Amino acid sequence: MAVTEKAVRDALKTVKDPELNIDLVTLGLVYDIQVEENAAKAIISLTSPMCPVAREIVDQARLAISKVEGVESAEVQLTFDPPWTPERIPPLIRSSLGL
């Protein structure tokens, strides 16, 4: 079975920001997903560059991607360019959070 961007994105929906308890995709923290045959790479950000659990979130994201059927190589790259802002959250969810 071919690995798809959608499957990787769905896997990343299982990884939650521990402070907000909302998944990385909904928060707009997934900047890019690249799939090439059986290798998948996600470029993600965090709500803060000083996040004390940054390593754990990256590890959870890598593990989630590695569980996607067909993935043999999973990579997660952390970036802060551009910096994350709450505007990356869909408006309805943003308003329910009071942002």
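Predicted model: local features only at pLDDT ≥ 70, side-chain atom pairs only at ≥ 80, totals over all residues.

Biologist: Start with H1 and H2. At what angle do their axes cross?

Modeller: Roughly 135°. H1 covers residues 5-12 and H2 covers residues 54-66, and their axes come within 8 Å. That angle makes H1 oblique to H2.

Biologist: Left-handed or right-handed crossing?

Modeller: The crossing of H1 and H2 is right-handed.

Biologist: Which residues make the contact?

Modeller: On H1, Val8, Ala11 and Leu12. On H2, Ala61, Ala64 and Ile65.

Biologist: How many of those are nonpolar, polar or charged?

Modeller: The contact of H1 with H2 has 6 nonpolar residues, no polar and no charged.

Biologist: Now H1 itself. Which of its residues are buried?

Modeller: Val8, Ala11 and Leu12 are the buried residues of H1. Looking down the H1 axis, they fall within an arc of 100°, so they line one face of the helix.

Biologist: Switching topic. Where does Gly98 lie?

Modeller: In the segment after helix H3, which spans 91-96.

Biologist: Is Gly98 buried or exposed, and why?

Modeller: Exposed, because its relative accessibility is 63% and the cut-off for exposed is over 50%.

Biologist: How far apart are Gly98 and Glu5?

Modeller: In sequence, 93 residues. In space, Gly98 and Glu5 are 31 Å apart, C-alpha to C-alpha.

Key: Residues numbered from 1 in each chain as written. Heavy atoms only, no water. Axes fitted to C-alpha atoms, helices over the stretch in contact; angles between N-to-C directions. Helix = DSSP H or I, 4+ residues; strand = E, 2+ residues; numbered from the N terminus. Parallel < 35°, antiparallel > 145°, perpendicular 65-115°, else oblique. Left-handed = near helix turned anticlockwise from the far one by under 90°. Contact = heavy atoms within 4.5 Å. Nonpolar A, V, L, I, M, F, W, Y, C, P; charged D, E, K, R; others polar. Buried < 20%, exposed > 50% of the residue type's maximum accessible area, 1.4 Å probe, protein only. Arc of directions from axis to C-beta.
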